[in-house]
Amino acid sequence: MIRRAVGWVDGHSGAVPLVRKGLRYVFPDHWSFLLGEIALYSFLVLLGTGVYLTFFFDPSYETVVYDGVYEPLQGREVSQAYHSVVDISLEVKAGLLMRQTHHWAANVFVVAIVLHLLRIFFTGAFRKPRRLTYYVGVTMLMLAVLEGFLGYSLADDLLSGMGLAIAYSVVASTPFVGGNVVLLLWEEPFPGTSEFLSRIYIGHVLLLPLALGALIAIHLGLIVLTKHTQFGGPRRLERNVVGTPLWPGYALRSTGLLFAVAGLLFLLGGLVQINPVWLWGPYDTWLSTNGAQPDWYLGWLIGALRLMPGWEPHAWGYTFVPNPFWGGVAFPLVVFGFLFLWPTIERRLTGDDAFHQLLDRPTDVPWRTATGVAVFTWVACVFLAGASDRFFVQAGVPYEEQIWFWRGAVFVLPGLAFFLTRRLCVELGDARRTPASLGADRS
């Protein structure tokens with residue numbers, strides 16, 4: 001049967017030689033290369049569960065009286081969007097499973113991209129000829145964060161309303177263009193018109209998924225064109241790839257990973273509660289807190305807003321840069337600017353413009369590893385500062401003391417991390433290059 005099918009394809013398209021070559025495509029055998037696949041399969045779960053949810057969600061701020069099965073909300077005025085999310089969670093068949101799986105998949109999607117990006121950075125996989133592949137990946141991370149924020153902002157619960165209020169202030173604080181942008185999106189002062197929810201709904205279910213899908217396709221296409229990188233080792237050269245061919249070995253292994261990722265996400269969706277909107281309640285502008293927390297990938301932005309002192313440049317009676325701009329716009333621009341510029345910075349510093357197929361170990365380039373750890377430490381300090389309110393509520397640590405601690409830590413800890421990491425990499429590299437180690441490697 002297979003031979004007849006192959007013969008039919010070859011007779012109608014002449015594509016068998018191309019298919020045969022594709023099936024012999026070799027994938028390196030290293031666990032870190034699976035991080036990108038986990039991101040891809042999480043995205044597929046996101047698409048599947050998201051399509052299911054669109055059948056029942058109503059993106060409308062129109063006020064209705066809740067008459068569903070959740071008694072604490074009965075008789076209360078809520079938006080149609082919030083009503084539909086609660087109905088999905090408590091009344092629609094498999095609704096809660098799909099909604100929570102969708103939410104968990106979004107978190108895992110961003111986690112996998114971040115870990116994959118760290119692997120790319122610390123091994124030098126961004127070097128020529130893969131710079132465009134790297135830029136596509138960083139852009140994908142930016143869009144994934146925005147997509148996740150828009151997703152949980154649709155529910156119109158207290159968590160999403162508080163997040164959108166912060167986003168409104170951040171966008172409005174952008175010098176020169178902020179006021180025009182918020183009027184373009186919200187049309188009037190916060191919370192805006194009913195059309196605003198429809199706009200973020202279209203962005204979440206159509207525009208950003210299409211953009212992410214296109215970037216994933218480009219990313220995969222570039223990987224095929226440039227071939228996979230690999231770590232050095234026996235028979236591994238700059239001109240070859242040693243590993244498992246696509247068929248049958250890698251295809252079956254990757255299919256197993258697909259089912260494992262999907263199964264784990266559905267297991268989380270069914271057993272681990274996330275974003276219980278019926279507990280948060282609908283959003284009202286006069287409410288400010290209820291213990292709800294944004295998804296983890298926004299913690300660094302919340303931390304940046306909290307750490308920034310109350311500094312706003314004034315002149316001639318005007319505020320040139322409102323305070324939310326520094327933590328909400330400038331900080332992420334610096335982080336992503338560093339990620340985008342790093343391949344150029346390293347090329348200028350080293351003068352290395354050669355093609356690279358073999359990856360570096362982190363200890364091979366101590367200064368690059370130390371720089372990456374220092375920047376990661378800087379972002380991690382800001383991220384942990386975003387949980388200051390939780391530390392205050394759960395452990396009683398004074399909030400203001402935490403803020404002052406982290407304000408100092410963002411200047412001290414990155415430098416310390418750079419020094420210690422570079423020293424450790426140099427020591428490990430020297431130990432690996434000793435005659436005894438070389439003899440052990442040869443044996």
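**Close-up views of a predicted model**

**View 1. Surroundings of T133.** Leaving aside residues up to four places away in sequence, T133 touches H219, L222 and I223, a contact being heavy atoms within 4.5 Å. T133 belongs to helix α6 (residues 131-153); helices (H or I, at least four residues) and strands (E, at least two) are DSSP runs, numbered from the N terminus. The C-alpha atoms of T133 and H219 are 5.7 Å from each other, although 86 residues separate the two along the chain. T133 has a relative accessible area of 10% and is therefore buried (buried is under 20% relative accessible area, exposed over 50%, partly exposed in between; 1.4 Å probe, protein chains only).

The model is predicted, so local features need pLDDT of at least 70 and side-chain atom pairs count only at pLDDT 80 or more, whereas totals for chains, interfaces and linings use all residues. Residues are numbered from 1 along each chain as its sequence is written, and side-chain values use heavy atoms, with hydrogens and water left out.

**View 2. Helix α14 and its cover.** Helix α14 (residues 366-385) has 20 residues and reaches 28 Å from its first C-alpha to its last, close to the 28 Å expected at 1.5 Å a residue (1.5 Å times one less than the number of residues). Its buried residues include P366, R368, G372, C381 and A385. Among the elements covering the buried residues of α14 are α5 (95-123), α13 (324-350) and α16 (399-432).

**View 3. The aromatic pair W342 and W367.** The whole structure holds 24 aromatic pairs, counted where ring centres of Phe, Tyr and Trp (its six-membered ring) lie within 6.5 Å; planes under 30 degrees apart are stacked, over 60 edge-to-face and the rest tilted. W342 and W367 form a tilted pair, with 5.8 Å centre to centre and 45 degrees between the planes. This pair links distant parts of the chain, as W342 is in helix α13 and W367 in helix α14, 25 residues apart. W342 is buried at 3% relative accessibility, while W367 is partly exposed at 27%. Both belong to a cluster linked by ring pairs, whose members include F121, Y134 and F338.

**View 4. Two backbone features in loops.** Most residues other than glycine have a negative phi, and most peptide bonds are trans. K128 and P129 are joined by a cis peptide bond with omega of about 15 degrees, and P129 lies in the loop between α5 and α6. N275, not a glycine, has a positive phi of about 50 degrees. N275 is in the loop between α10 (246-271) and α11 (277-280) and is buried, with a relative accessible area of 10%.
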